[in-house]
Amino acid sequence: MSADPGAWTREVRYLVVLTGAGVSTGSGIPDFRGPRGLWTRDPAAAGDSSRKRYAADPAVRARMWQALTAPVLTDARPGPAHLALARVRATIATQNVDGLHQAAGTPAARVHELHGTLGRARCTRCRGTAPMDRALRAIRAGAAEPGCPACGKATLRPDVVLFGEHPDRDVYGRAANAARGADLFLAVGTSLRVEPAAALCRIAVECGAVLVIVNDAPTPYDRYAGALVREPIEVAVPRIVEGLLAGGTPGAGDGVTG
């Protein structure tokens, strides 16, 4: 199938989009596995994102909390792909934890955050939650880790999925149900090497959706794709959205349900 959106954007009634780190590089947030990705440049850094190392090593926890205060995260704004996707009525399953889809205008109810969110921290003991900005204030004030304001007996951690952990069952279930109903399933800016998020592609195809992968490098799911788009995400996604809107896909403000 052609990579030209005109061939696969006509009369799409239910669009589902899986997004990965490549969608946020246009906002200045580095990806992980790309040519200039965080883990490509520093493979040892991936180990700091594992549940076991985070739980066992206070230095790992302190490094992660310090990293979360960086302006590249705290000051990030939606990029061209986020803003384009917010124009069309779509369900988004995202591997990103930056909240930029919602900041761009996609309703929170339509965004399934498979790997959690940096907008929130949770207690390692009572699992109570607190806004991330409150936790970061404690770090900037000199704490190595923020204390839990709910129980006062433990520390907070970012409310994200670390290596060795599983996505929230309900969040993943909603994303999988969306994939089963899709006419068109876009996988954008993701290496499709992290499961079970990547398996949403297979679920969608098995239920009759056209899979289109927008990524600058091959993925393990390319063989299932009806089209592969290799051009830059900041160019490709706005072009695809224009094609969808011209082809009859409901816009974000059309007021349809589903």
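Trp65, Gln66 and Leu68 of helix α3 touch Met132, Ala135, Leu136 and Ile139 of helix α7 (contact means heavy atoms within 4.5 Å; helices are DSSP runs of H or I with at least four residues, strands runs of E with at least two, numbered from the N terminus). By class, this contact has six nonpolar residues, one polar and no charged (Ala, Val, Leu, Ile, Met, Phe, Trp, Tyr, Cys and Pro count as nonpolar, Asp, Glu, Lys and Arg as charged, the others, Gly among them, as polar).

This is a predicted model, in which local features need pLDDT of at least 70, side-chain atom pairs count only at pLDDT 80 or more, and totals for chains, interfaces and linings use all residues. Residues are numbered from 1 along each chain as its sequence is written, and side-chain values use heavy atoms, with hydrogens and water left out.

The axes of α3 (residues 58–68) and α7 (residues 132–140) come within 10 Å and cross at roughly 110° (axes are lines fitted to C-alpha atoms, for helices over the stretch in contact; angles run from 0 to 180 degrees between N-to-C directions). α3 is therefore roughly perpendicular to α7 (65 to 115 degrees).

An open sheet of six strands has the order β3-β2-β1-β7-β8-β9, with parallel pairing (two strands pair if DSSP finds at least two bridges between them). Its edge strands are β3 (111–113) and β9 (227–229). In β2, Ile92 is the bridge partner of Val17.

| Helix | Strands crossed | Angle |

How values were computed:
Angles under 35 degrees count as roughly parallel, over 145 as roughly antiparallel, 65 to 115 as roughly perpendicular and the rest as oblique.
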